[in-house]
Amino acid sequence: MKKVAILTSGGDAPGMNACIRAIVLTAEHYGLEVIGYKHGYNGLIEQEYKLLAPVNVNNIGQRGGTILKSGRCVDFHTEEYGRAAAKNLLDLDIDALFVIGGNGSFRGAHHLSKYYNGQVIGLPGTIDNDISGTDATIGYYTAIETALDSIDKVRDTADAFERIFLIEVMGRHAGFIALSAAVASAADRVIVPEDCGDIEVEVDNLIEHLQAVYRVRGLSSYIVVTSENLLPGGVITLANMISEKTEIECRPVILGHVQRGGSPVSQDRILAAKLGAYAVEQAIEGHNAVMVGEHNNQLVTLPIEVSWQQQKPLDKYLLKVQRQLLNL
Ligand code: F6P
């Protein structure tokens with residue numbers, strides 16, 4: 001093995017830069033040349049890349065975003081794109097490609113591996129934490145901190161006005177950020193897709209809980225953390241539904257892309273450093289079409305399909321803590 005490539009794809013996540021740095025420095029340690037494709041799979045199709053020497057990754061570990069830029073490439077699942085990408089890698093004599101991204105990016109890597117003779121290795125980088133096979137993904141911990149910081153601030157004004165606030169966090173179709181941020185912020189209620197049946201029933205249960213809280217605390221602030229994509233119109237619709245049924249004004253807040261930014265927290269930097277270094281060593285050992293991750297403090301290498309073929313479960317006990325044990 002002489003030359004490897006990296007790309008960052010899909011929603012960027014804090015810690016991607018730390019991961020790029022880890023790959024580049026580990027590759028240097030083993031005498032490998034590194035290039036970085038820009039804008040995710042789009043750069044691979046366009047053969048848009050730059051050399052990544054150790055000097056290029058100096059002082060990037062603390063920065064959010066990705067120095068390689070990211071992108072979504074909707075046509076990458078086609079044979080035409082798979083073959084074009086494989087040819088471009090071959091033209092540059094790339095022996096292994098490292099893909100830092102989420103589920104969609106891993107599907108792309110799997111697709112590419114059908115046409116490419118070299119090795120493809122996925123590194124989990126997404127704030128959503130919805131990748132099976134690894135306990136956490138790079139970026140997840142920072143997103144929780146960012147959400148928590150905002151929820152704490154909303155709580156101050158909610159408390160001053162004794163208002164109901166509904167705060168929508170990201171996660172695509174997974175409730176990891178919502179549940180963690182809700183527990184950490186001592187939110188009164190959380191609604192996550194993994195534990196949400198009929199939304200009307202969910203709203204009725206919430207109102208019942210709200211009334212129980214008022215009976216115990218008197219009129220007070222009430223904070224609900226919800227995942228995005230729960231229902232059309234999201235948290236705005238939800239706030240209207242609750243207001244109509246209770247005749248109490250509810251304020252919706254959408255945290256949005258702020259959760260993707262910022263300097264990565266230490267857990268994300270450490271995870272990025274470990275997985276980046278480990279991925280290079282796994283490539284040198286000859287692994288292909290795999291993802292790397294960390295499970296129970298052990299580094300793991302798994303077939304890349306595991307990441308999307310199994311649904312990663314929420315921590316059931318944390319859900320019980322939030323919804324049953326600490327709920328008044
Ligand atoms: O996958 C990361 C993520 O931030 C999700 O949480 C969110 O649903 C999605 O990306 C938003 O994507 P975009 O930035 O393309 O709107």
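Colleague: What share of the contacts in the chain between residues at least 6 apart in sequence join residues at least 24 apart?

Modeller: With contact meaning heavy atoms within 4.5 Å, 74% of the contacts between residues at least 6 apart join residues at least 24 apart. This is a predicted model, in which local features need pLDDT of at least 70 and side-chain atom pairs count only at pLDDT 80 or more, whereas totals for chains, interfaces and linings use all residues. Residues are numbered from 1 along each chain as its sequence is written, and side-chain values use heavy atoms, with hydrogens and water left out.

Colleague: What makes a residue count as buried, and what percentage of the 328 residues do so?

Modeller: Buried means under 20% relative accessible area, exposed over 50%, and partly exposed in between, with a 1.4 Å probe and protein chains only; by that test 56% of the residues count as buried.

Colleague: What makes a set of residues a nonpolar core, and how many residues has the largest?

Modeller: The set must consist of buried Ala, Val, Leu, Ile, Met, Phe, Trp, Tyr and Cys residues joined through side-chain atoms within 4.5 Å; the largest has 61 residues, and Ile6 and Phe98 are among those with the most contacts inside it. Apart from it lies another core, of 24 residues, including Ile94 and Val120.
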